[in-house]
Amino acid sequence: MNDILPDEAELWERFDDAVRDWLRAYGYRPIRMPIVEPTPLFARAIGEVTDIVEKEMYSFVDALNGEALTLRPEGTASCVRAVLQHSLLHGGPQRLWYAGPMFRHERPQKGRYRQFHQFGVEAFGYAGPDIDAEQIAMCARLWDELALSGIQLEINTLGSAEERLRHRAELIAYLENNRGALDADAQRRLQSNPLRILDSKNPRMQEVIEGAPKLMDFLGEASQEHFGGVQALLKEACIPYRINPRLVRGLDYYNLTVFEWVTDKLGAQGTVCAGGRYDGLIEQLGGKATQACGFAMGVERLVALMKEEHGAVTGQAAQSAPDIYVVHQGELALPSAFRTAEALRGAGYDVLFHCGGGSFKSQMKRADMSGAQIAVIIGDDEATEGSATLKYMREDAPQKRIPQDQLADVIGNYLIGDDNDGDL
Ligand code: ATP
Ligand code: MG
């Protein structure tokens, strides 16, 4: 679990701002859920024999009432719970997003943390492949807006529950016949979650995985049509993709379309965004059967990619500089400068007011380091006279003494470039 220090946190804010605008542009509305949920919600939604529920959840018993609780490992289950609890679907289909920390007890490594952050996007009540394709196209646009290149799209279809069941029976039979080639994890999952075996990264098992029956060969017409529909729209939007038949996703609730966006610039943890359709989940959690489709982006990985591609900006320069730095010295000057700073903020400027005293010289050094365009200097002389000295920090122009009540206007003219030569 990481502290996110200011240089990094400012990059996160830039990321958040871009993402919020982008979500609004696609008609998604925000929803905020609690970070803690009853443990059974995740067991029911994600599945008992998934990595998350088997070994990654931070669960505890509420000492006051004995309730089993869990720090959320993902957002979809909570989002569906909230939507059902508040009957949001009575208002028709919904496009929703949320963001925040998620918790999984994993082995920490680059790009894999125990508290990490996601932006999650969920659409409820849309049956066709159009929403699947739109969500994928959305991602493509975001990478574009963030100027991130080389994020590859992989898609697959998981078919329907019945198709998976038929495939599953054949898969188990095949894996039983090749039991000797399976590692301990796979043997354990043989009955409980054989599809997940196909997702194994164990190099010794790749051969047996290659030869396994393919779900694609068990798909009925409707599933094929849906997958075809998604692909047709992706082609329409000129979004390149690769079909990866081994993409099965680690959560049980998916059906039909699944997708991942993967980069090779982050080492082993290259998946920056993942999602798909989960038409069964809402009913499974007690709601009326409703189609659903969503995805989640890993913020740590995307921010790392932004740094990788565009370099890190550090120190004060990383922060957006204030417009004005207020320098002051003397007993009379303090209240006058304090009032002036507030008045300038009231006029809409970003103002750093010097705190902590020190000589004019040391204060001017601070003003310079802040990146401000202008220093407003108030000594006892200016305070007595109700004026201030204006100094241009970024160009060679004579400083001016002007009445305090004209400061906002004069600075305004300067900052918008009407009078950039300093000759006010
Ligand atoms: P992985 O196969 O990498 O464990 P996952 O299938 O468990 O991923 P999802 O539950 O689909 O991941 O979460 C969506 C995204 O959230 C991932 O693609 C990744 O970018 C990010 N993510 C998931 N787990 C972590 C983690 N422990 N630390 C940082 N980011 C994570
Ligand atoms: Mg995982």
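I started with tyrosine 113 and ligand 1: a backbone N or O atom of this residue sits 2.9 Å from a ligand nitrogen atom. I count a polar contact as a pair of N or O atoms within 3.5 Å. The model is predicted, so I noted its limits: local features need pLDDT of at least 70, side-chain atom pairs count only at pLDDT 80 or more, and totals for chains, interfaces and linings use all residues. Residues are numbered from 1 along each chain as written, chains are lettered from A and ligands numbered from 1 in written order, and side-chain values use heavy atoms, without hydrogens and water.

Next I checked two side chains. Glutamate 106 places a side-chain N or O atom 2.6 Å from a nitrogen atom of ligand 1. Glutamine 118 has one 3.0 Å from an oxygen atom of ligand 1.

I listed the shell (a heavy atom within 4 Å). There are 16 residues around ligand 1, and Arg104, Glu106, Arg112, Arg249 and Thr271 come nearest. I sorted the shell into 7 nonpolar, 4 polar (Gly among them as a class member) and 5 charged (Asp, Glu, Lys, Arg) residues. β6 (115-124), β10 (271-277) and β11 (292-298) each supply at least two shell residues. β10 gives the largest share, 4 residues. Strands here are DSSP E runs of at least two residues, and helices are H or I runs of at least four.

Last, I looked at helices α5 (129-145) and α10 (221-236). Their axes, lines fitted to C-alpha atoms over the stretch in contact, come within 8 Å and cross at roughly 40°.

Conventions:
Polar contact = N/O pair within 3.5 Å; in protein donor to acceptor, adjacent residues only side chain to side chain. Axes fitted to C-alpha atoms, helices over the stretch in contact; angles between N-to-C directions.
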